[in-house]
Amino acid sequence: MMIVKDLKQNEYNSYYSTYINKVPKDLDLIEGYIDGGAHVLQFFKAIPEEKLEFRYAEGKWTIKEVFQHIIDNERIFTYRCFRMGRRDKTSLAGYDQNDYAEPSKANEKSIETLLEEYEIGRKNSTLLIKSLSNDDLNFIGNASDTNMSARAAAFITLGHEMHHINVLKERYL
């Protein structure tokens, strides 16, 4: 069982504490991916169609763009988890989330397409994590010029989507 409270400070940059602190301390990683994925799908399916392109202020993302951001972030952090889990010592570049929003064309996609993207990505992420040993998940590599373990990358993904769902509930719905 791989749980958040076992993470050590040297496994991730303190910037990611915002996300890691959202994950229940005793949540099993695999269980979090399976149950969390079901929760995210259920959450976005329940949003009325007329709200999907709503933004709470000028310059803020729409609900569809937030969902696409969750999807893209999982892709990036799953890739990081994969690279660390394979014990790759190559430093991985960071990314600017805002550079991804417009080219994603999220508002041109149907909610069904976004749901499918998320669901397929989550299955891929879950299968990857299941395939990694505890030693693989504990391997610490480098991303964005800082230490990151494979398991930290995986837990950050879970906390990141929890963070954005909370923001959607508070500011959009």
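**Exercise 1.** Is K109 buried, partly exposed or exposed?

*Solution.* Keep in mind that this is a predicted model. Start with the number: the relative accessible area of K109 is 22%. Next, recall the cut-offs: buried means under 20%, and exposed means over 50%. K109 is therefore partly exposed.

**Exercise 2.** Which residue does K109 meet in a salt bridge, and which network are the two linked in?

*Solution.* Begin with the pair: the side chain of K109 meets that of E117, with 2.9 Å from N to O. A salt bridge calls for a side-chain nitrogen and a carboxyl oxygen within 4 Å, so this pair qualifies. Finally, widen the view: D72, R75, K109 and E117 are linked in a network of salt bridges.

**Exercise 3.** Work out what the salt bridge between E65 and R55 ties together.

*Solution.* First, the distance: the closest N and O atoms of E65 and R55 are 3.5 Å apart. Second, the places: E65 lies in helix 3, while R55 sits in the loop between helix 2 and helix 3, so the bridge joins parts that are 10 residues apart in sequence.

**Exercise 4.** Where in the chain are the partners R151 and E11?

*Solution.* Their side chains form a salt bridge of 2.6 Å, N to O. R151 belongs to helix 7, and E11 to the segment before helix 1, so distant parts of the chain, 140 residues apart, are linked. Both residues are buried. To finish, count the salt bridges: the structure holds 11.

Technical notes: Residues are numbered from 1 along each chain as its sequence is written. This is a predicted model: local features need pLDDT of at least 70, side-chain atom pairs count only at pLDDT 80 or more; totals for chains, interfaces and linings use all residues. Side-chain values use heavy atoms; hydrogens and water are left out. Helices (H or I, at least four residues) and strands (E, at least two) are DSSP runs, numbered from the N terminus. Buried means under 20% relative accessible area, exposed over 50%, partly exposed in between (1.4 Å probe, protein chains only).
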